[in-house]
Amino acid sequence: MRRLSIPFKYQLMIPIALIMGAILIFPLGYSLVISFQNYQLSKIGQEHFVGFENYINLINNRSFWIALRNTLTFVVVAVSIELVLGFFLALLLHNKNTIGRGFFRSTLLSPMFITPIAVGLIFRFLTNSQLGVIPNLLKEINISIDFFSPKLALFSIAVIDVWQWTPFMLLLLLAGLESLPEEPFEAAQVDGATGWKMVRYVTIPLMRPIILAAIVIRMLDAFKVYEYVYAITRGGPGEATETMQYLIYRTGFIYFRAGEAAAMSYAFIFVITIMVLILFYVLRGEAELQ
């Protein structure tokens, strides 16, 4: 009988494959199974199969659609501002004439090393309408703003995300700028291009694949927004800042409807997958044009 021989390089992969199966594949599979069940954490042992009922109920679930809208709005606003600010800062730090480049490179990256829950708590106290430093400073110049009113709350959460994660976008774009070839810029200078024209007609076209890749990476992370909402607003006022991650947490671990929460999770994964596929399609098209 011939003995099965596994190449050594695949033997080295077996431990990590087992670990990944335990911490990733099994939870995903189990959550998919319970998404088709009436599974309640307060009634363990009484779960039963309900088919696609949990998914169908999402169609008429007002909170689900509000949370999805809030999440998409948050991602679009936060990532757009981070892209513009990150690109502008990357251009400044890439310029050899900028004073204090080394200092600002290290300083501007510091917010991304703070845990999001700590950032949420910091801004919770800074922006408190009664005790916060920022509202009290604004009152000195006769400006009264409630940063977490129903109309401003979601935008305030997005601004907090911008403060913490613009450095990440800066890091990606700065690395992209420093990897660009010198020849196109030298040719553009010979043709008389300077300043904004150089950025518009040379830098941005060369940076398009990198910019789109940065958008995809940052967008995937922004979809996971939870800590700021939990630390500051708990989804309020009303449902103004309730995001998908917080709604899933509330449904599964406060109301104990784990089957419904699992269905929400997979519906959300489907939405994210569609958006990522669209962006990757655009990314591939841009790469082919280069």
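Reply: Happy to. A residue counts as buried under 20% relative accessible area, as exposed over 50%, and as partly exposed in between. Please keep in mind that this is a predicted model.

Let me take the loop between helix 10 (227–233) and helix 11 (244–254) as the part to look at, with Gly238 as one of its residues. Gly238 has 67% relative accessibility, so it counts as exposed. The peptide bond that joins Gly236 and Pro237 is cis, with omega at about -5°. Arg234 is also in the loop between helix 10 and helix 11. Its phi is near 55°, a positive value in a residue other than glycine. With a relative accessible area of 47%, Arg234 is partly exposed, because the value falls between the two cut-offs.

Phe256 is not a glycine either, yet it has a positive phi of about 65°. Its relative accessible area is 37%, so Phe256 is partly exposed.

For some context, here are a few other places in the chain. Leu18 lies in helix 1 (residues 8–34), and at 60% relative accessibility it counts as exposed. Leu18 belongs to a nonpolar surface patch with about 1100 Å² of accessible area together, whose members include Ile14, Ile19 and Met20. Gln37 sits in the loop between helix 1 and helix 2 (53–59). Its relative accessibility is 18%, so Gln37 counts as buried. Beyond its neighbours within four places in sequence, Gln37 is in contact with residues including Glu47, His48 and Gly259.

Helix 7 (residues 153–178) has 26 residues, which at 1.5 Å a residue should span 38 Å; the end C-alpha atoms are 37 Å apart, so the two values agree. This helix bends by about 45° at Gln164, and Pro167 follows within four residues. Asp161 lies in helix 7 as well, and its relative accessible area of 3% is why it is buried. Leaving aside neighbours within four places in sequence, Asp161 is in contact with Phe74, Ala78, Glu82, Thr166, Arg218 and Tyr228.

Terms used:
Residues are numbered from 1 along each chain as its sequence is written. This is a predicted model: local features need pLDDT of at least 70, side-chain atom pairs count only at pLDDT 80 or more; totals for chains, interfaces and linings use all residues. Side-chain values use heavy atoms; hydrogens and water are left out. Patches are made of residues with over 30% relative accessible area and no salt bridge: like charges are joined within 9 Å, nonpolar side chains (Val, Leu, Ile, Met, Phe, Trp, Tyr) within 5 Å. Accessible areas come from the Shrake-Rupley method with a 1.4 Å probe; for residues, only the protein chains shown count as cover. A salt bridge is a side-chain nitrogen of Lys or Arg within 4 Å of a carboxyl oxygen of Asp or Glu. Helices (H or I, at least four residues) and strands (E, at least two) are DSSP runs, numbered from the N terminus. Buried means under 20% relative accessible area, exposed over 50%, partly exposed in between (1.4 Å probe, protein chains only). The expected span of a helix is 1.5 Å times one less than its number of residues. The bend at a residue is the angle between axes fitted to the seven residues ending there and the seven starting there. Contact means heavy atoms within 4.5 Å.
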